[in-house]
Amino acid sequence: MIIGCSCSNNTNLPNRPAIQIDIDPLVIGKKHPIDLNIMGNSGGEVVPKILKKS
């Protein structure tokens, strides 16, 4: 899970499904393929909702 981060070409992601959460849709999947993208404010919106569901 990638939260609020845009990866560089030097980032080595493991070979498994990737989830990216970011407020800027232009950075989602920009450098690496993403299996699930979630657009929104990670700290104030998205992550608290995910934690509430678990």
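A patch, as the word is used here, is made of residues with over 30% relative accessible area and no salt bridge, with nonpolar side chains joined within 5 Å. In this predicted model, M1, I3 and I50 make up one such nonpolar patch, covering about 290 Å² of surface. As for where it sits, I50 belongs to helix α1, which runs over residues 42-53.

Stepping back to the fold, the chain has 1 helix and 3 strands, and these come in the order β-β-β-α along the sequence. The strands line up as an open sheet, β1-β2-β3, with parallel pairing. At the edges are β1 (2-3) and β3 (36-39), each with pairing on one side only.

Now for the chain as a whole. The C-alpha trace spans about 30 × 20 × 15 Å along its principal axes. Of the 54 residues, 20% are buried. The chain exposes about 4200 Å², and carbon and sulfur atoms account for 53% of that area. Turning to contacts between residues at least 6 apart in sequence, 16% of them link residues at least 24 apart.

Methods: Residues are numbered from 1 along each chain as its sequence is written. This is a predicted model: local features need pLDDT of at least 70, side-chain atom pairs count only at pLDDT 80 or more; totals for chains, interfaces and linings use all residues. Side-chain values use heavy atoms; hydrogens and water are left out. Patches are made of residues with over 30% relative accessible area and no salt bridge: like charges are joined within 9 Å, nonpolar side chains (Val, Leu, Ile, Met, Phe, Trp, Tyr) within 5 Å. Accessible areas come from the Shrake-Rupley method with a 1.4 Å probe; for residues, only the protein chains shown count as cover. A salt bridge is a side-chain nitrogen of Lys or Arg within 4 Å of a carboxyl oxygen of Asp or Glu. Helices (H or I, at least four residues) and strands (E, at least two) are DSSP runs, numbered from the N terminus. Two strands pair if DSSP finds at least two bridges between them. Buried means under 20% relative accessible area, exposed over 50%, partly exposed in between (1.4 Å probe, protein chains only). Contact means heavy atoms within 4.5 Å.
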